[in-house]
Amino acid sequence: MTAARPRVWVSQPLFDDIVARLETHFDVDATREVADHAPERIAEALREADGALVTLNDPVGAAQVAAASRLRAIANVGVGYNNLEVAALQAQGIVVTNTPDVLTETTADFGFALMMAAARRITEAERWLRDGQWRGWSFKSLLGADIHGSTLGILGMGRIGQGIAKRAAGFGMRMLYHNRHRLPEEVERECRASYVDYETLFAQADHAVLVLPYSAQNRHLIDAATLARMKPTATLTNIARGGLIDEAALADALAAGRLAAAGLDVFEGEPNVDPRLLALDNVVLTPHIASGSLATRRAMVSLAVDNLIAALGFGPDAGKPRNAIPHAVLPR
Ligand code: DGY
C-alpha cells in the first residue's frame, strides 16, 4: 500500500503553470475563483491539509488552525504577513514563510510612481481632461509640487525603502529616513539617506512615503498629530498597509488643504475605500498593486511554491525553506 500524498490548499487563483509544480509532491486543492473566504471556510479548508499557499486576502490565526492537526506549513504569497497570526501558528508547530526580495524593485518603482502622481496631480489632470474641462491651455491650471530637489522622508528603511531611496538619488532629492533601527553607515551612504527621528521626518519631508511592516502596535501611527506636523505643501504616499493611517484624519487634512496630496495603494478596510477619500481630487487611489507587474507576481508565486515544497520536506531545500519567518517571541 502506498502512503497517502500530503494535501495542500491554494486559497486563491494564482498562476496555474507555477502552482502545478506542487502536484509533483502533493494532492492540490486549488481555488478557482478569487474568493473572500469566511474565517470558517478557511478553517474547513485547512482541517485536512498538510500545507497551504495563502495571500493577504486570507487571514489565518489560532481559530483557523485549531482543528488542523496535520498542518505543517503556510506559505504566504507576499512579503507582508499581517494576515497571519504568526506566533499562534508557530506555537502549533506550523512553519510560516513569505516572499521577500523578489518584489523589492517592482514595489519601489510603484511607490515612486505613486508619489510622483500625487505630487504632479496626474490622475486628477487626466480626469479633468476626460471630463471635457480642457478648453484652452492655461498657465496656472493643475500646478503641482516638484520631486527633483525636494526632501523625501522614508518611514521604514528596509529593502523597499532603500529601493525608493536609490531611485530618489537620480532625482536629486535630499533623503531622510526613520526606521526602528538605524542602518549601518555604509548602507546610509549607499542610499544617500540621513537618519532622523519620527517627528523631524514628517516636519521636513516634502514627500513622505510609508514602507514599514504593519502590526496591531502601529495601527493609525499616522494620526491627526503626525499629519499636523507635515507641511501643507507636502504629499503622503502609502504602499505598506492601510491600517498605518487614520484615514478619517487623512481625509480631514486633505479636504482642509492642510496636506497637499496623498497617494494610497493600500486601505484599512480593503477592498472598501473610505467614501470621503473617493470624493477627494487630491488623492491618487490604486487597488493594492504595488508589486503587480506580471514578472514579479509570477516570481512571488514561484518563491511561495518553493517555500511550501521545502517546508513540507521535499525538493532540493527539503526542511529548509528559504524564507521561513523567524520564531516570533511569545509574550510571557
Ligand atoms: C506584499 O507582498 O505584502 C504586498 O502587499 C502584496 O503583494
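Which residue has a side-chain N or O atom 2.7 Å from an oxygen atom of the ligand? I looked this up and found His288.

I note that the model is predicted, that local features need pLDDT of at least 70 and side-chain atom pairs pLDDT 80 or more, while totals for chains, interfaces and linings use all residues. Residues are numbered from 1 along each chain as its sequence is written, and side-chain values use heavy atoms, with hydrogens and water left out.

**Ligand.** I then turned to the backbone, where a polar atom of Val79 is 2.7 Å from a ligand oxygen and an N or O atom of Gly80 lies 2.8 Å from a ligand oxygen. The protein buries 90% of the 230 Å² that the ligand exposes when taken alone (accessible areas by the Shrake-Rupley method with a 1.4 Å probe). I listed the residues around the ligand, having a heavy atom within 4 Å of it, and they include Leu56, Leu103, Arg241 and Met300.

**Sheet.** I traced an open sheet of seven strands with parallel pairing, in the order E8-E7-E6-E9-E10-E11-E12 (strands are DSSP runs of E, at least two residues, and helices runs of H or I, at least four, numbered from the N terminus; strands pair if DSSP finds at least two bridges between them). The edge strands are E8 (193-195) and E12 (283-285), each pairing on one side only. Four bridges join E6 (residues 151-155) to E9 (residues 207-210), and I found Leu155 opposite Leu210 in E9.

How values were computed. Polar contact = N/O pair within 3.5 Å; in protein donor to acceptor, adjacent residues only side chain to side chain.
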